[in-house]
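Keep the viewer open as you read.

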Amino acid sequence: MGRRYNLLFILVTFLVLVAAVAAQGNSGSNRGVGQRPRVGFYGNRCRNVESIVTSVVRKHVQSNPANAPGILRMHFHDCFVRGCDGSVLIAGNNTERTAGPNRSLRGFEAIEEAKTRLEAECPGIVSCADILTLAARDAVVLTGGQGWRVPLGRLDGRISQASDVILPGPNDAVDKQKRDFAAKTLNTLDLVTLVGGHTIGTAGCGLVRGRFFNFNGTGQPDPSIDPSFVPLVQARCPQTGDASARVDLDEGSAGSFDTSFLSKVRSSRVVLQSDLVLWNDTETRVIIERLLGLRRPSLRFGTEFGNSMVKMSLIEVKTGSDGEIRRVCSAIN
């Protein structure tokens with residue numbers, strides 16, 4: 001009899017341990033070490049995650065269309081600094097949000113609202129990093145772009161430092177852009193395709209007007225710019241005007257996600273030097289031509305953009321003990 005009770009005790013103990021391990025595995029805040037994001041990660045634990053994020057992003061884009069390119073740009077800035085871990089969302093002194101390139105980011109309220117709604121429906125399950133990744137996809141779709149399936153399962157980072165924010169710059173040469181993207185496991189096709197995201201959004205006049213008035217100290221506009229384009233930008237960004245005023249990155253089509261911007265690169269009618277020089281490099285020019293259908297084999301911009309966004313969204317993701325699920329996106333737990 002005693003032996004039977006001992007065996008029963010061992011069996012019950014074993015079953016309790018199995019149940020505990022299973023519960024831990026199903027928890028949103030305990031991802032397996034090294035586990036990569038995947039499509040459908042949340043399953044029944046947060047069935048409505050995508051529809052909730054989409055509804056919130058739609059509301060914010062409808063109320064302010066600038067939120068669409070703002071959220072897309074925010075995701076890029078997040079992924080290029082410590083990986084796609086939502087660290088750009090953290091508020092406070094000397095965080096990434098306070099760094100120069102991030103001070104004009106938009107859309108923080110949309111991400112925080114989506115987080116609040118998700119915490120009410122499935123608390124402690126969905127990371128801010130995943131919310132931002134989904135929101136970037138939705139921003140593209142809401143401006144007429146093609147959607148893509150988003151792998152999920154990232155954790156939120158615990159470190160956010162302004163000193164870490166070193167991003168590709170608006171005056172970078174092509175070779176530097178290639179090196180910066182390669183350092184993040186992105187190739188030249190990814191570079192050109194992701195830069196094509198400049199089809200929506202604007203740039204600050206203070207960032208671009210030097211090229212249109214006093215290029216390299218010459219007192220003249222950059223001679224590589226289409227001459228008919230120069231007065232249009234000069235009128236929008238007067239030499240002594242407000243540096244914070246905005247100018248479209250894709251003249252006449254800044255609210256539509258399409259290939260119009262790449263056509264403007266081809267015709268030298270873009271405001272950023274880093275965009276213009278892509279037409280001067282043989283490798284990047286060929287990619288632009290293929291994305292525009294001017295060279296075979298052609299490439300579908302919408303499909304390639306989605307592919308490159310997925311690759312970017314997997315840069316240095318946090319899993320296991322490397323991260324957490326924040327309760328609010330603007331603060332570390």
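In helix 8 (residues 205–213), the buried residues are Cys205, Val208, Arg209, Arg211, Phe212 and Phe213. Buried here means under 20% relative accessible area, with exposed meaning over 50% and partly exposed in between (1.4 Å probe, protein chains only). Helices (H or I, at least four residues) and strands (E, at least two) are DSSP runs, numbered from the N terminus. The cover over those buried residues of helix 8 includes strand 1 (202–204), helix 9 (230–236), strand 2 (246–248) and helix 11 (273–276).

A word on what you're looking at: this is a predicted model, where local features need pLDDT of at least 70 and side-chain atom pairs count only at pLDDT 80 or more, while totals for chains, interfaces and linings use all residues. Residues are numbered from 1 along each chain as its sequence is written, and side-chain values use heavy atoms, leaving out hydrogens and water.

Zooming out, the protein has 13 helices and two strands. Of its 333 residues, 49% are buried. Contact means heavy atoms within 4.5 Å, and among contacts between residues at least 6 apart in sequence, 75% join residues at least 24 apart. The accessible surface comes to about 15,500 Å², with 53% of it belonging to carbon and sulfur atoms; these areas come from the Shrake-Rupley method with a 1.4 Å probe, and for residues only the protein chains shown count as cover.

Now move to helix 7 (residues 188–195), which is largely enclosed by the rest of the structure because seven of its eight residues are buried. Those seven are Thr188, Asp190, Leu191, Val192, Thr193, Leu194 and Val195. Which elements do the covering? Among them are helix 6 (174–182), helix 10, helix 11, helix 12 (282–291) and helix 13.

Helix 10 (residues 260–266) includes serine 260, which is buried at a relative accessible area of 18%. Not counting residues up to four places away in sequence, serine 260 touches Asp250 and Ser253.

Next, the rings. A search of the whole structure turns up nine aromatic pairs. Rings of Phe, Tyr and Trp (its six-membered ring) pair if their centres lie within 6.5 Å; planes under 30 degrees apart count as stacked, over 60 as edge-to-face and the rest as tilted. Phenylalanine 41 and tyrosine 42 make an edge-to-face pair, at 5.0 Å centre to centre and 85 degrees between the planes. Both partners are buried, phenylalanine 41 with a relative accessible area of 5% and tyrosine 42 with 3%. By contrast, phenylalanine 301 and phenylalanine 305 have ring centres 5.8 Å apart and planes at 55 degrees, so this pair is tilted. These two phenylalanines are four residues apart in helix 13 (residues 301–313), so about one helical turn separates them. Phenylalanine 301 is buried at 7% relative accessibility, and phenylalanine 305 is buried at 2%. Ring pairs also link Trp148, Phe257, Phe301 and Phe305 into a cluster.

Over in helix 5 (residues 128–142) you'll find threonine 133, buried at 5% relative accessibility. A polar atom of the threonine 133 side chain lies 2.8 Å from the backbone oxygen of alanine 129. Leaving out residues up to four places away in sequence, threonine 133 touches His75, Val150, Arg154 and Ser313.

Last stop: which residue does UniProt list for "active site"? The unreviewed entry gives His77; UniProt positions are in the numbering used here, feature names are shortened, and annotations may be inferred rather than shown by experiment. Histidine 77 lies in helix 3 (residues 67–79) and is buried, with a relative accessible area of 8%. Beyond its neighbours within four places in sequence, histidine 77 is in contact with Pro101, Asn102, Leu105 and Leu167.

Note on methods. A polar contact is a pair of N or O atoms within 3.5 Å; within protein, one must be able to donate a hydrogen and the other to accept it, and residues adjacent in sequence count only if both atoms are side-chain atoms.
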